[in-house]
Every structure is written in structure tokens, then in C-alpha cells.
Amino acid sequence: MPLHEIFVGLGVLVAAVVFVREARRRGALNEQSLVAVTGALVGGAIGMRLAGWLETLDLSDLWLYGSRSILGGLTGAYVGVLVAKRIIGYRERTGDLFAPAVALGMAVGRIGCHLTEAPGRPTGLPWGVHAPASTPECPGCLAGQAMHLSFVYEIVFHLAAFAALVWARRRLTRPGELFTLYLAGYAGFRFLVEFTRANETVWLDLTRPQWFLVPGVLLLGLRVGYGWRRGYYDALFGRKVMT
């Protein structure tokens, strides 16, 4: 069974359900928001394929490997939403509708990664796992080494992020800030968890995803710092909101 593709599909389905519920809760379930979802799906599919293909630059691998690039998919989905909204002239911010949906959908999709891909780098920690020697691109599996549960780490992060976003959504009243915090949190977490992943390092002992994330982490850090100084997140910490 294609477990990876099955769980990716389930993740998309879960994300769609959460998006619709959140949009209905906010009174934003309309044709324009559904067009934004369509843009996210199309852009995400294209982004996953292209980002995966860039790792091999072989056209025959475009379909085979593209579906495994989560960062490419997220980037493509973001661009797809922007393009779709520009086409229909929709100016309302939709990021806060997507944030909880993406978090829970990612948690489900990563189950497929855990079941089919190399778990992570070798570790001596007590929770290290052994994967079948037949796991693709996994030297540690062939050697019988215990490895990090890198995808489980990410599943736990996204479940915690989903809970935090649901808690914060009534407190953050400025449009777009919920999505900004989620992106910043995930970018920082993904950069760090890459040190436990089985991905190949390319320069300065960093992987391709880490180099992809470097500018985003810096820009999002500056953006969150700007919001912090402006008091956008005061309500999350019980601080008196300045007016």
C-alpha cells in the first residue's frame, strides 16, 4: 500500500475540514475563501513536485519524488493562495483560517513519512528506533543502528501547535498574526529538527532544507519582533493591550 500518499491525502482532507469549520466560525465561508483553498491545493501540489525534482534535476523523477517535499508544498500553497486571490481581486487576509488547518493536516501527513522514510540520524538516546533494512536511502537501517524519531518529533510539534493556535485564535485580534506565529514557529522548529533528520548535508554541515529555511527564519524572526514591539501579542501573555 502507498502509505505515504494515503496519509498525505488524509492530511489534506483533515486540513480541508478544519479550514471549513474555522471559516464558518469566523463567518468567512464564501466563494472567495474557497477559491483561496483551491489556489493552496494547486500551488501545494506544484510546489511539492518542483521542490522534489530540484533535488535530482531529472524529469523522470518529477512525479516520483516531488510529493515528498513538505517545504516545497507549503511554499507552493502560499504562492497559490496569493495568485488565486489576486486573480479574483480578493483582498481579505486568509492566513488565520489556514493556520490551524495546516498544523493538524501536517501532523496527519507526517505519519506517512514516519512509516515509509528513514526515521532520522543515528542516536544513543533511549527512544531511538530501528527501521527495516529495506527502508529507502537509509544507511543506518542497513547497519541496524538506533535512530532519532524525527518525524514523530514533528508530529508532536504540529499537534501542540494546533492546540496553541486554537487557544490563541480568540485572543489575537489583528488579522494575519496567528498565521505569522505559526509560520515562524514551524520554520524555527524545522531548522532545528533537521539536525536529527537523515537528510544529506551539503555545506557547513547543514542540509538543503536548512539552507532553504535560513532566509525565511531571519525574515519571520524580524516580523515577529516587529509585532512584539507593536504589542500585537500582548493579549497572549496577559499584558495590557495599548490603545
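**Entry 1: a salt bridge across the chain**

I looked up Arg169 and found that it forms a salt bridge with Glu22, with the closest N and O atoms 2.6 Å apart. The pair links distant parts of the chain, 147 residues apart. Arg169 sits in the loop between H7 and helix H8 (177-193), and Glu22 sits in helix H1 (residues 3-25). I noted the cut-off: a salt bridge is a side-chain nitrogen of Lys or Arg within 4 Å of a carboxyl oxygen of Asp or Glu. Helices here are DSSP runs (H or I, at least four residues), numbered from the N terminus.

Are Arg169 and Glu22 buried or exposed? Both are buried. Buried means under 20% relative accessible area, exposed means over 50%, and partly exposed lies in between (1.4 Å probe, protein chains only). I also saw that Glu22, Arg25, Arg26 and Arg169 are linked in a network of salt bridges.

**Entry 2: ground rules**

This is a predicted model, in which local features need pLDDT of at least 70, side-chain atom pairs count only at pLDDT 80 or more, and totals for chains, interfaces and linings use all residues. Residues are numbered from 1 along each chain as its sequence is written, and side-chain values use heavy atoms, leaving out hydrogens and water.

**Entry 3: other salt bridges**

I searched the whole structure and got 8 salt bridges. One of them joins Arg190 and Glu194, with the closest N and O atoms 2.9 Å apart. Arg190 is buried because its relative accessible area is 5%. Glu194 is at 0%, so it counts as buried. I then checked Glu200 and Arg208, whose side chains meet in a salt bridge at 3.4 Å, N to O. Glu200 is exposed at 53%, and Arg208 is partly exposed at 42%.

**Entry 4: the disulfide**

How many disulfides does a search of the whole structure find? I got 1. Cys138 and Cys141 form a disulfide, with sulfur atoms 1.9 Å apart. The cut-off is a pair of cysteine sulfur atoms within 2.5 Å. The link of Cys138 and Cys141 is right-handed, with 70° about the S-S bond. Cys138 is buried at 6%, and Cys141 is buried at 5%.

**Entry 5: His148**

I found His148 in the loop between helix H6 (139-142) and helix H7 (150-168). His148 counts as buried because its relative accessibility is 13%. Its side chain makes a polar contact with the side chain of Tyr153 at 2.9 Å. A polar contact is a pair of N or O atoms within 3.5 Å; within protein, one must be able to donate a hydrogen and the other to accept it, and residues adjacent in sequence count only if both atoms are side-chain atoms.

Definitions and conventions: Helices (H or I, at least four residues) and strands (E, at least two) are DSSP runs, numbered from the N terminus.
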